[in-house]
Amino acid sequence: MLLKYSYFIVFTLLYLIGTVLCADHLLEGIYCGKDNCYEVLGVSREATKNEIGKSYRQLARKYHPDLHREANAKKIAEEKFKEIATAYEILRDDEERADYDYMLDNPQEYYAHYYRYYRRRMAPKVDVRIVLAVTITIISIIQYYSAWSKYDTAIKYFMTIPKYRNKALEIAKAETKESQTRNKVKKSKAELKEEQDRIVRRVIEENMDIKGAYAKPEILDILWVQLIILPYSIAYWIYWYLRWFWKFTIMKHPYGREEKLYLVRRYLKLGQHQFGALEEKDKQEFLDEELWIKENFVAWKQMKDEEAKKALADNNKYKQYRRYIKQHGVGRMTFDDS
């Protein structure tokens, strides 16, 4: 009898604890805190958006802080106004309202409620696609203007080299004289100088074939364009390698000039722009030495490395450095050094 009575007491206590926990299902720090958002706005859970908006406007007019003059009443109104605004922000958003309703129906999943609430609060408000598009656009603009800046630097550099500038000046003087004769308008020295510089720049731009990183920028090199034509680039890359495999691996056709230079560039581990910046005589040397053949390239590379080591060994500054390292060691400081 005593055992049955003990079981009854335990089950009763568990029931009461569960009832209290379920009743206290509103969590502090999220949504409306310990208050029910629907009760704050004075609406039911079945209320429509229009009904929620109407109730909010009525309560906002009633508890707006500017309508209260006394300090105590104003303070109470401010707190009430914040509660009303918070409840309205939660219930007017369909997704957030659904999360809130789920919390009311499933009070035991309090960790999940905190996670949902803060995930929505911390999530970016702007569409990720817009952020990505703006980022790519900014990178493309910087990339384009940076390329033009490098190209402009290269042109200005060539304008300072006497052999290029003098030749361009001859053309510029002739064109300036012809223009002045045709227009019969006498120009000042500053105007003539400005016109000459403009012609010199144009002549150098037209006659200099600048390659590599300082080449004249093209629209196709911009990131946005590269992304747009990416499917075509991938398709072309697949076609190119399939063609190479069929033509030169299976059918054993002889390499053409472009294929030979491609193999040399791959052995040199140079990018397309880097290889394109090389002088034509250097490329012809590669072809004359038949460097597209792996064995020939390895022998040629070893020879070039030996020549570079020999030139470095004969360099006076390098000899001084080696002598210093031999006497003092690497990274060691003595009083004489200081």
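Cys32 counts as buried because its relative accessibility is 14%, where buried means under 20% relative accessible area, exposed over 50%, and partly exposed in between (1.4 Å probe, protein chains only). Cys37, at 0% relative accessibility, is likewise classed as buried, and the sulfur atoms of Cys32 and Cys37 lie 2.0 Å apart in a disulfide, a term used for a pair of cysteine sulfur atoms within 2.5 Å. The link of Cys32 and Cys37 is right-handed, with 115° about the S-S bond, and a search of the whole structure finds one disulfide.

This is a predicted model, in which local features need pLDDT of at least 70 and side-chain atom pairs count only at pLDDT 80 or more, while totals for chains, interfaces and linings use all residues. Residues are numbered from 1 along each chain as its sequence is written, and side-chain values use heavy atoms, with hydrogens and water left out.

Asp35 is found in the loop between helix 1 (2-23) and helix 2 (37-41), helices being DSSP runs of H or I with at least four residues, numbered from the N terminus. Asp35 is partly exposed, because its relative accessibility is 36%.

Trp237 lies in helix 11 and, at 51% relative accessibility, counts as exposed.

Key. Helices (H or I, at least four residues) and strands (E, at least two) are DSSP runs, numbered from the N terminus.
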